[in-house]
Amino acid sequence: MTALAKTDDWIDRFDGLSRLEPGLRDVLTTRSQVVRIPADTVIFAPGKSPDNLLLLLQGTVRVQQLAESGREVVLYRVTAGESCVLTTACMLAYEDHTAEGVAETEITAVAIPRSVFDDLVASSKEFRNFVFRAYSRRITDLFHVIEDIAFRRMDIRLAQKIIERADTGVLKATHAQLAAELGTAREVISRQLAEFQRRGWIAQSRGAIEILDCAGLRGLAET
């Protein structure tokens, strides 16, 4: 983690923080740091207590958990303009992380130390509102993940994921990575991709899936 030069223009990128009174804005900007974290860095891990709340300015953090079966399950991603609900929960409850956060790309973020977080949660209604609004939105997203894993057909979810994450028609991901995304076994993904390929919707190569028939794939995704 590399600290960058201090700047206060980041605060206006986060709805809610821009409404803090000047004295509290100064506390937040002078006692926090803008940091850069390389891609593939493990930012937090199970059993570790958070020292900072990260507000993302650029990049993506993947939050994942190791299931009892040994499979990784992607819970959600944190992108620019967001914070991590798991870290927020741990800081509020003074508990350790129960999942892992990994920088999918190089990220730039604001690191708010625990002491500053505690002070502002206790003293500022606007800061509390900012924290709990973000918390509420992400909890809703997590319920959707649980609902998808429990109730929705895998072929539909896989088609949606390919369309969602394909960049210029190509998704760069292994079968194991897609299995982690969707909370299932690699073998299930491999069988379903083979069926998509049989239908002429996709072509597969090592570590990549190319969309050949977007209309066909989208027809399943929108079922």
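Aspartate 119 has a relative accessibility of 40% and therefore counts as partly exposed, a class that lies between buried (under 20% relative accessible area) and exposed (over 50%), with a 1.4 Å probe and protein chains only. The model is a predicted one, in which local features need pLDDT of at least 70 and side-chain atom pairs count only at pLDDT 80 or more, while totals for chains, interfaces and linings use all residues. Residues are numbered from 1 along each chain as its sequence is written, and side-chain values use heavy atoms, with hydrogens and water left out.

The side chain of aspartate 119 meets that of arginine 31 in a salt bridge, at 3.5 Å from N to O; the term stands for a side-chain nitrogen of Lys or Arg within 4 Å of a carboxyl oxygen of Asp or Glu. This pair links distant parts of the chain, with aspartate 119 in helix H3 (residues 114-123) and arginine 31 in helix H1 (residues 22-31), 88 residues apart. Helices (H or I, at least four residues) and strands (E, at least two) are DSSP runs, numbered from the N terminus. Arginine 31 is partly exposed too, at 39% relative accessibility.

By the salt-bridge rule, the count comes to 14. One of them joins glutamate 104 and arginine 77, at 2.8 Å from N to O. Here again distant parts of the chain are linked: glutamate 104 sits in the loop between E7 and strand E8 (107-113), arginine 77 in strand E6, and 27 residues separate them. Glutamate 104 counts as partly exposed because its relative accessibility is 25%. Arginine 199 and glutamate 195 form another salt bridge, at 2.9 Å from N to O. Both are partly exposed, arginine 199 at 42% relative accessibility and glutamate 195 with a relative accessible area of 22%. Through shared partners, salt bridges also join Arg62, Arg77, Glu104, Lys161, Glu164, Arg165 and Glu181 into one network.

Turning to the sheets, strands of a sheet pair through backbone hydrogen bonds, either parallel or antiparallel. Two strands are taken to pair if DSSP finds at least two bridges between them. Four strands make up an open, antiparallel sheet in the order E3-E7-E5-E6. Strand E3 (42-44) and E6 stand at its edges with a single partner strand each, so one side of each has no neighbour in the sheet. From one strand to the next, the twist averages 30 degrees, where axes are lines fitted to C-alpha atoms, for helices over the stretch in contact, and angles run from 0 to 180 degrees between N-to-C directions. E3 pairs with strand E7 (residues 100-103) in the antiparallel sense over two bridges, and phenylalanine 44 has glycine 101 of E7 as its bridge partner.

Another open sheet, of three strands, has the order E9-E11-E10 and antiparallel pairing. Its edge strands, E9 (170-171) and E10 (202-205), each pair on one side only. E10 and strand E11 (residues 208-211) run antiparallel and are joined by four bridges; the partner of serine 205 in E11 is alanine 208.

Grid points are joined across faces, edges and corners, and a volume is the space filled by probe spheres set on the points. The largest pocket has a volume of about 450 Å³. Its lining comprises 18 residues, with Leu75, Val145, Asp148, Lys161 and Glu164 nearest the centre. Strand E6 (72-79) and helices H4 (125-151), H5 (154-165) and H6 (175-182) each give two or more residues to this lining, and the largest share, six residues, comes from H4. By class, the pocket lining has six nonpolar, two polar and 10 charged residues; Ala, Val, Leu, Ile, Met, Phe, Trp, Tyr, Cys and Pro count as nonpolar, Asp, Glu, Lys and Arg as charged, and the others, Gly among them, as polar.

A search of the whole structure finds one cavity of 30 Å³ or more. The largest cavity is lined by Leu53, Ser83, Thr88, Phe130, Val131 and Ala134, and H4 gives the largest share of that lining, three residues.

Methods:
On a 1 Å grid over the protein atoms alone, a cavity is a set of points where a 1.4 Å probe fits but cannot get out, and a pocket is an open set with protein on both sides within 12 Å along at least five of seven lines; lining residues have an atom within 4 Å of a point.
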